[in-house]
Amino acid sequence: MNAITHDLARALASAPASSLPSSLFGLPDQAPHEKVLLAADAQTGLRAILAVHSTARGPAFGGCRFWSYDNELAALNDALRLSQGMSLKNALADLPFGGGKAVIIKPQGEFDRAALFAAFGRAVQSLAGDYITAEDVGTTTADMRGMLAHTQFVSGIPRDGGAFGGDPSPKTAYGVFVSIDEGVKRVLGRSSLEGVRVAIQGLGAVGWHLAEYLHQAGAQLIVADIDAAKVERAQAQFGAQAVAIDAIIAADADVLAPCALGATLSAASVPTISAKLVAGAANNQLATAAEGDALQARGITYLPDYLVNAGGIISVAREYRGEGEEGRVMAEVGRIRERVAELLERVRSEHSTPARVADAWARSKLVKPAA
């Protein structure tokens, strides 16, 4: 593995200051990450960033994103933001893990996927257990299974003999579903999801499962995705209304569920939102903390992503520890509903915003769990 510092240094030198992380080690106005590994392998085309934000609660646990980034600086920023989010997510979920994340910059042209993920597995192994990886955007259970020959620090793998494990996306979707259900009752004053209009931005693995849950509960779906075939399938299967990708944020809906990539809640998009509740599966939905304040000022309740989308990490964490069993894990994911209720009570009593209350709540738990 060779450090990819030269190209990254050039990107840091030429990028506008407003777009930069505070350093190679962390985000603006935040304490440095504990560890950031830049790993490259010329033979396979691997270029990866493995970010360990915190091991206060235990080894850093978080998925691996495989994506085409505009440049290496964008990949670094994504890894730093995602890994910090995992620390907050794992803490609020009361998991005995810290926060980490990895991003792999997708190679241009042809490449050997199995060989590339083998090289990534060796990079994970080099951290000696400080970071445990799993599936995320762009990666699959097959990728995770292939890494087992190169590292034991991986989860989200279908297990032989009926043991618990595999694709965590249905668990992520279920956590978002119970969060929306609780939010609809507490924020909108509705007794059920029957007839509630939910706009889903993104019909990937999690977004599709969420659509299934919501449809079964009687919600009316409005959907958008870059894949027209998925939209057509949602129209046929769920009776969903299709809108353009650039119109979904402002759709006439009761609930907005961002389930694509992050930073969709920005200074430009927040003023256009008509929904009164925002709760979705995408990580890092707020472009900045100011957007959380702006949502609250407009009378829109935002349920922080790292609270509601923790079902996936709960699933892979229990699998990794050998504690998984379908019913028990689903019950644990279902308890996200209780944390949503507690958050909204804290917001009311503290006269603050959900984003700021959740952040303080999670950071108060970034300590070694009691034995």
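Q: Buried means under 20% relative accessible area, exposed over 50%, and partly exposed in between. In this predicted model, why is arginine 346 called partly exposed?

A: Arginine 346 has a relative accessible area of 26%. Because buried requires under 20% and exposed over 50%, this value falls in between, and arginine 346 is therefore partly exposed.

Q: What makes the contact between glutamate 342 and arginine 346 a salt bridge?

A: The closest N and O atoms of glutamate 342 and arginine 346 are 3.1 Å apart. A salt bridge needs a side-chain nitrogen of Lys or Arg within 4 Å of a carboxyl oxygen of Asp or Glu, so the pair qualifies. Both residues lie in helix H12 (residues 336-350), and because they are 4 residues apart there, about one helical turn separates them. Glutamate 342, with a relative accessible area of 35%, is partly exposed.

Q: Why is the pair of arginine 65 and aspartate 78 said to tie together separate parts of the sequence?

A: The side chains of arginine 65 and aspartate 78 meet in a salt bridge, with 3.4 Å from N to O. Arginine 65 belongs to strand S4 (residues 64-67) and aspartate 78 to helix H2, so the pair links parts that are 13 residues apart in sequence. Both arginine 65 and aspartate 78 are buried.

Q: How do you know that arginine 197 and aspartate 254 form a salt bridge, and is aspartate 254 buried or exposed?

A: The N to O distance between the side chains of arginine 197 and aspartate 254 is 3.2 Å, and the cut-off is 4 Å, so the pair counts as a salt bridge. Arginine 197 lies in strand S7 (residues 197-201), and aspartate 254 in the loop between strand S9 (241-242) and strand S10 (255-258), so this pair ties together parts that are 57 residues apart in sequence. Aspartate 254 has a relative accessible area of 14%; this is under 20%, so aspartate 254 is buried. Arginine 197, at 27%, is partly exposed.

Q: What makes S9 and strand S12 (301-302) edge strands?

A: The open sheet of 6 strands has the order S9-S8-S7-S10-S11-S12, with parallel pairing. S9 and S12 each pair on one side only.

Q: How do you know that S7 and S10 pair?

A: S7 and S10 share 4 bridges in the parallel sense, and at least two bridges are needed, so the two strands count as paired. Valine 198 stands opposite valine 255 in S10.

Q: What makes up the lining of the largest cavity?

A: Arg81, Leu82, Gly85, Met86, Lys89, Lys101, Asn283, Asn284 and Asp305 line this cavity, whose volume is about 40 Å³. Helix H2 (residues 72-92) gives the most to this lining, with 5 residues. By class, the lining residues divide into 2 nonpolar, 3 polar and 4 charged.

Q: Which residues are the closest to the centre of the largest pocket?

A: The largest pocket has a volume of about 1200 Å³. Of the 49 residues that line the pocket, Val137, Gly138, Cys259, Ala260 and Leu261 are the closest to its centre. The lining has 20 nonpolar, 18 polar and 11 charged residues, and the elements that each supply at least two of its residues include S4 and H2.

Methods: Residues are numbered from 1 along each chain as its sequence is written. This is a predicted model: local features need pLDDT of at least 70, side-chain atom pairs count only at pLDDT 80 or more; totals for chains, interfaces and linings use all residues. Side-chain values use heavy atoms; hydrogens and water are left out. On a 1 Å grid over the protein atoms alone, a cavity is a set of points where a 1.4 Å probe fits but cannot get out, and a pocket is an open set with protein on both sides within 12 Å along at least five of seven lines; lining residues have an atom within 4 Å of a point. Grid points are joined across faces, edges and corners, and a volume is the space filled by probe spheres set on the points. Ala, Val, Leu, Ile, Met, Phe, Trp, Tyr, Cys and Pro count as nonpolar, Asp, Glu, Lys and Arg as charged, and the others, Gly among them, as polar. Buried means under 20% relative accessible area, exposed over 50%, partly exposed in between (1.4 Å probe, protein chains only).
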